Amino acid sequence: MTSTAAGARTPVDPIVDAAQPLTGGDALDLLPARTGDARQVLLGEASHGTSEFYRSHEVPTRRLVEEEGFSFVAMEGDWPDCHAPHCSVTASPEAVPCPGPPAGGLRPSSVWERTKATAGRPVCDDRTHELQQQADGGRPMRFHDHRHAGQELALRLLEWAADGNLTDPVVLALPRGGVPVAAEVARALKAPLDVVVARKIGAPGNPETGIGAIAGEDPPVYDRWALEMLGLAEDDLTADVARERAELHRREELYRRGRPALAVEGRTVVLVDDGLATGVTARAALRHLRSKNPDRLILAVPVCAPDAAETVRQDADDIVCLHQPPSFLAVGEWYEEFAQISDDEVVSTLRNPTTLSGQGPG
């Protein structure tokens with residue numbers, strides 16, 4: 001319902017009145033004909049935008065620009081999902097095949113403009129950060145605390161679930177910070193909650209800077225660029241790996257108290273953390289989980305560095321990140337309260353995750 005009172009109409013009503021559903025396999029091909037004499041066309045979606053959905057926009061987008069004379073076509077989407085239609089529209093006929101997605105990372109919004117497309121120049125602009133700051137009175141998007149971040153992340157994943165994209169889910173948290181976030185997600189999805197313990201391998205003299213990570217008994221995953229910049233070889237970190245492996249085992253025993261890890265084979269796995277800085281810990285956890293043969297592997301975080309998200313994408317089937325600030329220094333700067341999560345809190349949450357936000361799953 002868009003009417004606010006009897007006889008009253010909102011700005012949304014004209015859009016609802018003019019809306020035409022696009023159903024059937026050839027619906028998007030017929031879009032130019034269905035626009036008629038309209039000079040403003042909104043491309044909406046009922047699903048949450050799979051890569052196939054964005055690729056299917058290539059034909060109507062190109063026709064709206066070239067055949068119907070539209071000056072621009074706007075579409076919300078993440079890189080690299082919308083990268084193929086972007087290349088198709090912006091590349092000049094004599095241009096070489098479009099390369100892979102740019103190193104800048106995932107872009108929440110893309111715009112195709114006819115004049116720039118004719119010149120063959122890229123025209124992908126990130127509008128979301130600017131609009132978010134305007135909506136917040138000039139303040140960048142932040143979460144109040146871990147619980148709030150988890151609730152916001154859960155809302156996004158519930159959209160996926162409603163579209164049938166989260167079948168038989170299990171939620172796994174990266175402790176410790178990811179546990180309260182994941183508990184909110186698990187509660188909303190009515191899914192079981194567990195942890196996958198991964199340990200960061202810090203840079204010599206600066207242990208908070210992750211240059212590698214381990215999960216399970218798998219070999220370490222390293223940031224090759226970081227190793228090269230620091231002049232390090234893997235053998236130089238043997239002692240660090242052994243120390244972190246011992247701590248990994250200690251935490252697994254503490255958190256699980258003898259119970260086995262949840263089985264993930266054939267299921268949709270949602271791996272949750274409180275944020276993504278370098279991405280190396282998430283990569284180690286994702287590779288470890290991949291060896292367990294899940295049906296689908298999703299990384300879900302409230303905030304992430306764009307470059308880290310692009311790096312991790314190769315190890316996940318999908319990435320859900322609510323906020324990708326172009327200027328990113330640390331996960332904690334995007335929380336108003338970023339309290340350290342204790343081992344006791346992790347154990348308590350795993351024992352009864354549905355009580356974290358004060359209510360059960362019903």
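Tutor: Strand β3 (residues 169-173) and β4 are joined in the parallel sense by three bridges; two strands count as paired if DSSP finds at least two bridges between them. Within this pairing, L172 faces D194 of β4. The model is predicted, so local features need pLDDT of at least 70 and side-chain atom pairs pLDDT 80 or more, while totals for chains, interfaces and linings use all residues. Residues are numbered from 1 along each chain as its sequence is written, and side-chain values use heavy atoms, with hydrogens and water left out. Strands (E, at least two residues) and helices (H or I, at least four) are DSSP runs numbered from the N terminus.

β3 and β4 belong to an open, parallel sheet of five strands, ordered β4-β3-β8-β9-β10. At its edges stand β4 (193-195) and β10 (318-323), each pairing on one side only. Helix α8 (residues 146-162) lies across β8 (268-272), β9 and β10, at about 135° to β10.

I298 sits in β9 (residues 296-303). I298 is buried, at 0% relative accessibility; buried means under 20% relative accessible area, exposed over 50%, and partly exposed in between (1.4 Å probe, protein chains only). Leaving aside residues up to four places away in sequence, I298 touches W160, L166, T268, V269, V270, L271, D318 and V320, contact being heavy atoms within 4.5 Å. L286 is twelve residues from I298 in sequence, and their C-alpha atoms are 8.7 Å apart.

L286 is one of the buried residues of α12. Nine of the eleven residues of α12 are buried, so this helix is largely enclosed by the rest of the structure. α12 also lies across β5, β6 and β7, at about 10° to β6.

Those three strands form another open sheet, with the order β5-β6-β7 and antiparallel pairing. β5 and β7 (221-222) are its edges with a single partner each, so one side of each has no neighbour in the sheet. β5 and β6 share six bridges, and A198 has A215 in β6 as its bridge partner. α11 likewise lies across β5, β6 and β7, running at about 150° to β5. R251, in α11, is buried with a relative accessible area of 9%. Apart from residues up to four places away in sequence, R251 touches R176, V197 and R199.

The largest pocket draws on this second region: β5 (198-203), β6 (206-215), α11 (238-256) and α12 (280-290) each supply at least two lining residues. A pocket here is an open set of points on a 1 Å grid over the protein atoms alone, where a 1.4 Å probe fits, with protein on both sides within 12 Å along at least five of seven lines; lining residues have an atom within 4 Å of a point. β5 contributes most to this lining, with six residues. Of the 39 lining residues, K200, E208, D273, D274 and T281 lie nearest the centre.

Technical notes
Axes fitted to C-alpha atoms, helices over the stretch in contact; angles between N-to-C directions.
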